[in-house]
Amino acid sequence: MVDTPEWNQGTLGPRATAALSSMIPVGMRVELETDVEPVGPYGRLLAYVYLPDGRMVNEELLRRGMALLAVYPPNTRYLARFREIAEEAKDRRSGFWAESGFDCTPYGFRRNLC
């Protein structure tokens, strides 16, 4: 799974929203794939999202440096692949990694830790 900046997290939220909106315009049909537990600890649907061309949105957000890896066991079907993609994005300094954007993670922001 992935964790993206909150909509009100400075400039990060709107940028992450714009990245997602450019991939999935309003009205586009996507395919959802759930893992072992379809609902996470916060009552949200946990799913892998596929575009009509077969690309997985979760991977694309990680690849573009617009999201962090989030792990919700037992939902770990693509964990190894996601870890690799996230590390590559960080090494390339893609997206928010090019700046100090992830100094305050979405998790930390939601809990007023930063």
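A surface patch, as the term is used here, is made of residues with over 30% relative accessible area and no salt bridge, nonpolar side chains being joined within 5 Å. In this predicted model, a nonpolar patch of about 330 Å² is made by Met-28, Val-30, Leu-32 and Leu-45. Of these residues, Met-28 is placed in the loop that runs between helix H1 (12-23) and strand E2 (31-33). Met-28 has a relative accessibility of 32% and therefore counts as partly exposed, a class that lies between the limits of under 20% for buried and over 50% for exposed residues.

The model contains one disulfide, which is formed by Cys-104 and Cys-114, with the two sulfur atoms 1.9 Å apart. Because the torsion about the S-S bond of this pair is about 65 degrees, the disulfide is right-handed. Cys-104 is located in the loop between H3 and H4, whereas Cys-114 belongs to the segment after H4, so the pair ties together parts that are ten residues apart in sequence. As for solvent accessibility, Cys-104 counts as buried at a relative accessibility of 18%, while Cys-114, at 52%, counts as exposed.

The loop between helix H3 (79-92) and helix H4 (106-110) also holds Ser-94. With a relative accessibility of 13%, Ser-94 counts as buried. When residues up to four places away in sequence are not counted, Ser-94 touches Arg-63, Arg-64, Gly-65 and Ala-89; of these, Arg-63 falls within helix H2 (residues 57-63), and Ala-89 falls within helix H3 (79-92).

Helix H2 (residues 57-63) also includes Glu-59, a residue that counts as buried because its relative accessibility is 11%. Leaving aside residues up to four places away in sequence, Glu-59 is in contact with Arg-81, Phe-82 and Ile-85, positions that fall within the range of helix H3 (79-92). With Arg-81, the contact includes a polar one of 2.3 Å between the two side chains. With Phe-82, the C-alpha to C-alpha distance is 6.6 Å, although Glu-59 and Phe-82 are 23 residues apart in sequence.

Notes
Residues numbered from 1 in each chain as written. Predicted model: local features only at pLDDT ≥ 70, side-chain atom pairs only at ≥ 80, totals over all residues. Heavy atoms only, no water. Patch = residues over 30% accessible without salt bridge, like charges linked within 9 Å, V, L, I, M, F, W, Y side chains within 5 Å. Areas by Shrake-Rupley, 256 points an atom, 1.4 Å probe, with all protein chains shown as cover. Salt bridge = Lys/Arg side-chain N within 4 Å of Asp/Glu carboxyl O. Helix = DSSP H or I, 4+ residues; strand = E, 2+ residues; numbered from the N terminus. Buried < 20%, exposed > 50% of the residue type's maximum accessible area, 1.4 Å probe, protein only. Contact = heavy atoms within 4.5 Å. Polar contact = N/O pair within 3.5 Å; in protein donor to acceptor, adjacent residues only side chain to side chain. Disulfide = S-S within 2.5 Å.
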